[in-house]
Amino acid sequence: MKLYLKIWRQPNADTRGSMVDYTLDGVESDMSFLEMLDILNEELISKGEEPVEFDHDCREGICGTCSLMINGQPHGPDSRITVCQLHMRSFNDGDEIVIEPWRAAAFPVIKDLIVDRSAFDRIQQAGGYISVNTSGRPVDANAIPIQKEKADKSFNAATCIGCGACVAACKNASAMLFTSAKVSQFALLPQGRVEAAERVQNMVRQMDLEGFGNCTNTGACEVECPKGISLENIARMNREYLFSSVKG
Amino acid sequence: MTKLLLMSGLIKSSIARKVIMALSGLFLVIFLVLHVSINLASVLSPDFFNEASHFMGYNPIVQFVMQPVLIAGVVIHFIMGFVLEIKNRKARGISYVKYKGRANASWASRNMIISGLVVLAFLGLHFYDFWVHEMAYKYVQAKPEDPSRYFEETVQKFAPFWRTVIYVISFGLLSLHLWHGFASSFQSMGVNNRFTEGGKKFAKTFAIVVPLTFAFIAIYHHLNPVTH
Amino acid sequence: MKKIVSETEVKSPVKTKTPKIKELVSNVPSGPLKDKWTKHKDEIDLVNPANKRNIDVIVIGTGLAGGSSAATLAELGYNVKTFCYQDSPRRAHSIAAQGGVNAAKNYQGDGDSVYRLFYDTIKGGDYRSREGNVYRLAEVSTNIIDQCVAQGVPFAREYGGLLDNRSFGGVLVSRTFYAKGQTGQQLLLGAYAAMNRQIQRGKIRSYTRHEMLDLVLVDGKARGIIARNLVTGEIERHSAHAVVLGTGGYGNLFFLSTYCMGANVTAAWKAHKRGAFFANPCYTQIHPTCIPVSGDHQSKLTLMSESLRNDGRIWVPGKKEDAIAIREGRLKPTEIPEEDRDYYLERRYPAFGNLVPRDVASRAAKERCDAGYGVNKTGEAVYLDFDAAIMRYGREKALTSGMKDADDLTIRKLGEKVVEAKYGNLFQMYEKIVDQNPYKTPMMIYPAVHYTMGGLWVDYNLMTSIPGCYAAGEANFSDHGANRLGASALMQGLADGYFVLPYTIGDYLSDDIRTGPISTESKEFDDAEKGVRERIQKLMSGRGIHSVDYYHKKLGKIMWNKCGMARNENGLLEAMKEISELRQDFWENVKIPGNADGKNQELEKAGRVADFLELGELFAMDALHRNESCGGHFREEYQTPEGEALRDDENFKYVAAWEHKGKPSDSKLHKEDLIYENIELKTRSYK
């Protein structure tokens, strides 16, 4: 198939970028979206032009590195997948495809389609852990039975791959779904309850400091999340935050 | 002291702002219930409507306690909504060339600022129509109390076609505003339990029924003018 | 107190520029197997907490091994700097491990024990690993689970609230702990969380989007690195008292593999060129259950977890004409009657059936496809069928739900639900990629490069042959012999990082308590930085004919065809020659657009491929010298009449550790004899 691509090009963080048009022929429906970009890049290199830089690594939907806004949707039109799992069979011959980086003040562009998501790291550094020593001698793993339902819920929250699609999709560039998934993962487990109050306070504070927008409950994040992280986590975080604030 | 500091942090935090929006919104929802009930009386029983209106207009608690609280509620909801809107726009930075919002969220949820502003503009007209009129009647012109005037005055307001149309359109946007706002207030306040689903259904029903009733009343009065 | 040979040399007043290479002394403590690790921990030197504050450690790579060791080292008090090429430590490819992590907890009461895990691992590795190391691995495996649960890793649980287990290939017990199909991510997030805690405390400084481009040796000891900031292109110097490499494996040598796109051998290879021996490079794991290649455009292969083999049955058509009809699209797999299917693993290995170890399963698939029974358009695929499992689970569910006379359709529906609960995400992933519904038609799978057992040679302390340079996890060669069992990679990465390296490193660092900060303003750093700059310059000044991927794909083809699942002398000789020529071509004609002082992904790739082009040749040479078949290394000349691997313990019961001598083909072989005091060497049988 033949495609008309409009891609955001930006040489580096300090230079303004713009959309550039490319026409790409010979795309097969079995290709993944990133393989389609590989082909475009091979063409650009052979013409002596600089290839389009985009973040990607595992190419199997788990590392959370790939991050493209495709035709106005994070990770493209299909649901519950990352860009690397998106295949060209989702497009038709002659389609125009607009490819942009995640847009958020907290995710500045590094080059072309690559953004800096270190804000997510800092949110987790602010409290996304349980303070146990790795070199300590913890109790036996089966000493504390955990209700399967809770363990499963915690797991579901923990499946977040930190790709940032929630921020990209949200009209407010809010990071509430991400932060709440991290808060919930620990808040649901007895091991995590010990520091729950402090954790939610610190992580929310860091989230606000990074300049993410405010949640207005549109639900776009949940729809676009490749791992289907539930909005329930945001409610949980709000609750945890309010209780911990009132308790002081 | 620690507690105070925490509380001040609370007000500044994104979640606290959400909660303030939710609480002020819920307060306005309660006011709507009262308002629509009395309005409905204007269709069912003009006499009762007159009585209730007179009570609301001259009871000192209503006038000097509840009315300012209500105005404060509107102002807080509006200012906070506006502050959040500005902050949220800033959080995006550069906007997308192509952004397919409808793919993942409802129009109502994405455009609370629009529905909110329309409702606010409508409130201006509504205040001009009724509140300013009342204030002038009571305090400027200092006319004597007349417990029987309200029904007629109200119906007359809806005589012009344009006003009725504006009211009905505004109720439509109020409905959209409530459709998202009411149900999502539970989420903002962290309520998520086995009653939440039911609560959300109730909120959605409310968002349709209440504005529809308002609109019905406006149209009813437009179609049934007072004849002497 | 045991001392390595070279330390005396290093301490000698005569300073020389060439690094001192220590001899192949494994440093495995003496005494009974069960007491070795405890005894060793009791005897090695430690650094007291106050002194740890004066010691810096660099950790390269932030996967399970790197991340967990960085966190633990920082927690013990060392000043740690971590480096990863990804944008966040959390994205290291450990994240992609699906199936699980082994531990000899014996929660299922099925007779598991530390000894059994040790024995299974040695046997699974085809008797090519060190007893002492493997026993230690089995011993600390239980701590891993305790540790991870304490950290909040959400492992799968049973309804009673206790941890659940499943079974993996090559073993007869259920000892695998898992978190649905993403155990790797959950464990990595645990290690990453532990790192975050230390970053917050200021004990770890995390450098992301940084790539190590050289190891700096001062007086023969690893004292720092040269790294490139991948965003700004700046070349940076970082010094430390020791350098830990947790940089993973080198399977991307094959271009197509289940590795992430950025996985590379560069850090390990630089260490190798500075004097670290590279051990058993030819031991590669080809994983049997990957999604088959669909075309030339393909950039990467996707693994389907080995856990699928718990319930899936592997087969090909029993009649060649059926296989041909399927390839031509005239026949559907579901139309082939039961009696015309060849469940070849169950046929050949009745005891282990579909759960034979990976090397055995992969070779059996290749054997069938080579014989003309393969499916898919390419003829390079076999079926993994869940129909029997769906019906079996469905019947069970029907009975437990009180439906005694459920019809087939109902049973199937119930069964599909059970299978979805177990493998839903994997099935969904398969459907997204292949566009076929695996609940309705069997999955197609084919082997793909997945893990490398070879790596930097390390002693019992995980120190390479460069003093002060350590290697942990997949980057070292130590624990899996010639073949790794499923769910053992996560175990080894975390065992090395949480429980072994942070202690054994103290033995070395105890000599550094008075050293003080290492200066980066030395001739050694100057030289290393100059070398890095020159190399980048050289890459950028290629004549510009072919892209980096062009060379990488060519290298991959040579490796897959001649050094893949089956190898022979002629092929390996050809491979060595072809790789050497390709390397020369690369340096003359590679085309890298843009410039070196900023983000440049082509330059990053080029540096990595350049190293693969050297390693590939050493790989082939290692495979060529090993005149036997063992584990993942299968030489066609050495097989039994039934086509099973034929080991030669008399001549090859050793670790082949290669010393760099300029050109890969000039590398010098050092042998570490493997001593088996507790296990009798047997022919591996899964029949």
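A residue is called buried here if 20 or more other C-beta atoms lie within 10 Å of its own. The exercises below use this cut-off on a predicted model.

**Exercise 1. A helix inside chain A**

Task: Find which residues of α2(A) are buried, and state what they pack against.

Solution. 
Step 1. Apply the cut-off to the helix α2 of chain A, which covers residues 118–125. The buried residues are Ala119(A), Phe120(A), Asp121(A), Ile123(A), Gln124(A) and Gln125(A).
Step 2. Six of the eight residues of α2(A) are therefore buried, so this helix is largely enclosed by the rest of the structure.
Step 3. Look at the surroundings. The buried residues of α2(A) pack against α5 (176–187) and α7 of chain A, together with α7 of chain C.

**Exercise 2. Chain A as a whole**

Task: Describe the make-up of chain A in terms of secondary structure, extent and burial.

Solution. 
Step 1. Chain A has nine helices and seven strands.
Step 2. Its C-alpha trace spans about 60 × 35 × 35 Å along the principal axes.
Step 3. Of the 248 residues in chain A, 61% are buried.
Step 4. Consider contacts in chain A between residues at least 6 apart in sequence: 69% of these join residues at least 24 apart.

**Exercise 3. Which chains touch?**

Task: Determine which pair of chains shares the most contacts, and describe the sides that touch.

Solution. 
Step 1. Two pairs of chains are in contact, and chains A and C share the most contacts. Chain B and chain C have no contact, and their closest C-alpha atoms lie 20 Å apart.
Step 2. Take chains C and A. The contact uses 67 residues from chain C and 67 residues from chain A. On the chain C side, α4 (64–76), α6 (131–151), α7 (183–200), α13 (408–434), α14 (489–509) and α18 (601–625) each supply at least two residues. The largest share, nine residues, comes from α7(C). By class, the side of chain C that touches chain A has 24 nonpolar, 27 polar and 16 charged residues.
Step 3. Take chains A and B. Here 39 residues come from chain A and 38 residues from chain B. On the chain A side, β5 (96–100), α7 (196–209), α8 (220–224) and α9 (232–247) each supply at least two residues. α9(A) gives the largest share, nine residues. The side of chain A that touches chain B has 17 nonpolar, 14 polar and eight charged residues.

**Exercise 4. Strands of chain C**

Task: Work out the order of the strands in the open sheet of three strands in chain C, then describe the pairing of β8(C) with β9(C).

Solution. 
Step 1. Strands of a sheet pair through backbone hydrogen bonds, either parallel or antiparallel.
Step 2. The order of the open sheet in chain C is β3-β5-β4, with antiparallel pairing. Its edge strands, β3 (101–102) and β4 (166–167), each pair on one side only.
Step 3. β3(C) pairs with β5(C), residues 174–177, over two bridges. Val101(C) has Phe177(C) as its bridge partner in β5(C).
Step 4. Turn to β8(C), residues 221–229, and β9(C), residues 235–239: these strands run antiparallel and are joined by five bridges. Ile226(C) stands opposite Arg237(C) in β9(C).
Step 5. Five residues lie between the strands of this hairpin, and Gly233(C) takes a positive phi near 80°.

**Exercise 5. Nonpolar cores**

Task: Locate the largest nonpolar core and list what Val243(C) touches.

Solution. 
Step 1. The largest nonpolar core has 300 residues. Among those with the most contacts inside it are Val167(A), Val243(C) and Tyr470(C).
Step 2. α18(C) supplies the largest share of this core, 13 residues. The core also draws at least three residues from each of domain 1 and domain 2 of chain A.
Step 3. Leaving out residues up to four places away in sequence, Val243(C) touches Ile58(C), Ile60(C), Leu215(C), Ala222(C), Ile225(C), Gly468(C) and Cys469(C).
Step 4. A second, separate core has 19 residues, including Phe158(B), Tyr167(B), Leu173(B) and Ala183(B).

Note on methods:
Residues are numbered from 1 along each chain as its sequence is written. Chains are lettered from A and ligands numbered from 1 in the order in which they are written. This is a predicted model: local features need pLDDT of at least 70, side-chain atom pairs count only at pLDDT 80 or more; totals for chains, interfaces and linings use all residues. Two strands pair if DSSP finds at least two bridges between them. Helices (H or I, at least four residues) and strands (E, at least two) are DSSP runs, numbered from the N terminus. Two residues are in contact if their C-beta atoms, placed from the backbone, lie within 7 Å. Ala, Val, Leu, Ile, Met, Phe, Trp, Tyr, Cys and Pro count as nonpolar, Asp, Glu, Lys and Arg as charged, and the others, Gly among them, as polar. A residue is buried if 20 or more other C-beta atoms lie within 10 Å of its own, exposed if 12 or fewer, and partly exposed in between; C-beta atoms are placed from the backbone. A nonpolar core is a set of buried Ala, Val, Leu, Ile, Met, Phe, Trp, Tyr and Cys residues joined through C-beta atoms within 7 Å. Domain bounds come from an automatic or database domain assignment.
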